[in-house]
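These are my notebook entries on one protein model, written down in the order in which I looked things up.

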Amino acid sequence: HGAMRVAIRARARAGNPDAQVMTDPALRADPYAHYERLRTAAPLADGALGRVSVHHDVCTDVLRSEDFGQIGAYRTDRLPPVLRLALRLAGPRPSVSPIDPPSMVAVDPPEHTRYRRLVSRAFSARAVAGLRERTRQIADELLDELEGEAAAQDGQVDLAARYASLLPVTVISEMLGVPVAMREQFLAWGDRAAPVLDMGLDWSTHRDVERSLGELDSWWRGHLQQLRRDPGADLLSALVTTVDDDGGGLTETELRATAALVVGAGFETTVNLIGNGAALLFAHPDQRRLLAEDPSLWPNAVDEVLRVDPPVQRTGRRARRSTTVHGVPVAEGEWLILLLAAADRDPRVFSDPHVFDVTRPNARDHLAFGSGIHFCLGAALARMEGEVALQALFERFPGLGPAGPGRRRGTVILRGHESLPVVLGSST
Ligand code: HEM
């Protein structure tokens, strides 16, 4: 990580826009203008560490290509042995993490196919439709609490901490049979572990990430043991009871990775969709008016939020063999970084790409959920939660507005708000 950090900083000083966005939190207030500086290089541009693409067709093709696979165990593989030893001495080590193999997001077929098949039905559009009403109830309850808190604080509350972050973690916990009392602890672990996706972390952040992943993994171990003894009617209990080392089920390790991934992905991302959506609507009163006049626009508005300010800004792939990308050679083992957030402002796909337009006809063509076999498992759930959360909020508090600048999260890959102070105004 140290060497990687030095390399990224050197490129940033040399004027590389991708490296500048990665190293300068001030630039990340609006990274999009900087990504534009990479637009003329096609198909691939020089990025912070390797080559990157900002083009919609290139990103899509790489994500769908069998010549590329997941980067794999990048969390620990990149560390020199001495640091790995230091980490082991520093505290509990997660033997299983949400983003390393055997987590489905870190492996290629045939393993990927097997893991994903076991959980996909629980996240289908049909299954998610069945959760909408309960999600609305959760949103309304959270808004009741929010109103109570605001009354005690001059009408002001932190929308990020008190609403956007609580809704997804409550929904996914209920879905998977995790005690709702755990939600604050999950959020705390999630906050500390979120930088795990970023490259070139400093030592103390890295240690904190490892510690929180270790604590999380110990908790999962205990929780899954308990489910095995006393299964409920939830998805995890169903998975636990089919554990089988040489059959159709998941091994203990695979199960922990799956549970940690699904829960983590379930609340670390949608929180940012809700927060980014609220912030965009504050900045665009005309779009907000359109939604008030025609609530059937909400689903499209959520996709437009995902396009304009995506919670997952980038992903990466490793070439499994030497190949070409739009005619340009790529060596076996090379990593390509796909700047999804920039691809979603590709002028060849989206007219006036920097304009936030809730009526945009092809808003749904964004890559915010990726593409190909790893296309977000939770896309239907995230869309439904985003719609319900934002619509409930804006309809109940028509006078809702910002009460200060708020603060962005410090992470590079995940983009959202750490705090978003608002004045609620009176409720309808
Ligand atoms: C995969 C984004 C919500 C579970 C992905 C990927 C992206 C993404 C970009 C692909 C990663 C890659 O190809 O490298 C998002 C965004 C969300 C969101 C922007 C919210 C707005 C959720 C939710 C869940 C979830 C609510 C809950 C189940 C997953 C899983 C994968 C995944 C399990 C891995 C799928 C696979 O490898 O086959 N997500 N996600 N996500 N997402 Fe989401």
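This is a predicted model: local features need pLDDT of at least 70, side-chain atom pairs count only at pLDDT 80 or more; totals for chains, interfaces and linings use all residues.

**Entry 1**

His326 sits in the loop between strand 6 (323–325) and strand 7 (328–330), and its phi is positive, about 45°, although it is not a glycine.

**Entry 2: strands and their partners**

In which order do the strands of the open three-stranded sheet stand? I read the order as 4-12-9, with antiparallel pairing. Strand 4 (156–158) and strand 9 (401–402) are at the edges and have a single partner strand each, so one side of each is left without a neighbour in the sheet. Strand 4 pairs with strand 12 (residues 421–423) over three bridges in the antiparallel sense, and I found that Val157 has Val422 in strand 12 as its bridge partner.

I followed strand 8 (residues 335–338) next, which runs parallel to strand 2 (residues 51–53) and is joined to it by three bridges; here Val52 has Ile337 as its bridge partner. With strand 5 (residues 315–319), strand 8 pairs in the antiparallel sense over four bridges, and Arg317 stands opposite Leu336 in strand 8.

**Entry 3: the nonpolar cores**

Which residues touch the most other members of the largest nonpolar core? I found Leu167, Leu339, Leu340 and Leu393, in a core of 108 residues, and helix 15 supplies the largest share of this core, nine residues. A second, separate core has six residues, among them Ile8 and Val412. I recalled that in soluble globular proteins nonpolar side chains tend to be buried together.

Leaving out residues up to four places away in sequence, I listed Tyr35, Val52, Ser53, Val54 and Arg314 as what Leu339 touches.

**Entry 4: two residues followed up**

I looked up Leu227, which lies in helix 13 (residues 203–229) and counts as buried, with 22 C-beta neighbours inside 10 Å. Beyond residues up to four places away in sequence, Leu227 touches Leu236, Ser237 and Val240. From Leu227 to Ile8 there are 219 residues in sequence and 44 Å in space, C-alpha to C-alpha.

Phe394, in helix 20, is partly exposed, with 19 other C-beta atoms within 10 Å. Leaving aside neighbours within four places in sequence, I found Phe394 in contact with Leu281, Arg288, Leu291 and Leu400. Phe394 and Ser427 are 33 residues apart in sequence, and their C-alpha atoms are 9.6 Å apart in space.

**Entry 5: around the ligand**

How many residues surround the ligand? I counted off 24, of which the closest are Ala265, Thr269, Gly370, Cys376 and Gly378. The shell divides into 16 nonpolar residues, seven polar and one charged. Helix 15 (252–268), helix 16 (270–283) and helix 20 (379–396) each supply at least two residues of the shell, and helix 15 gives the most, with four.

**Entry 6: the whole protein**

I ended with the overall picture, which has 20 helices and 12 strands. The radius of gyration is 21 Å, close to the 22 Å that the globule rule gives for 428 residues, so the protein is as compact as a globular protein of that length. Along its principal axes the C-alpha trace spans about 60 × 60 × 40 Å, and buried residues make up 44% of the 428 residues. Among contacts between residues at least 6 apart in sequence, 71% join residues at least 24 apart.

Methods. Residues are numbered from 1 along each chain as its sequence is written. The radius of gyration is taken over C-alpha atoms; the globule rule is 2.2 Å times the number of residues to the power 0.38. A residue is buried if 20 or more other C-beta atoms lie within 10 Å of its own, exposed if 12 or fewer, and partly exposed in between; C-beta atoms are placed from the backbone. Two residues are in contact if their C-beta atoms, placed from the backbone, lie within 7 Å. A residue is near a molecule or strand if its C-beta atom, placed from the backbone, lies within 6 Å of it. Ala, Val, Leu, Ile, Met, Phe, Trp, Tyr, Cys and Pro count as nonpolar, Asp, Glu, Lys and Arg as charged, and the others, Gly among them, as polar. A nonpolar core is a set of buried Ala, Val, Leu, Ile, Met, Phe, Trp, Tyr and Cys residues joined through C-beta atoms within 7 Å. Two strands pair if DSSP finds at least two bridges between them.
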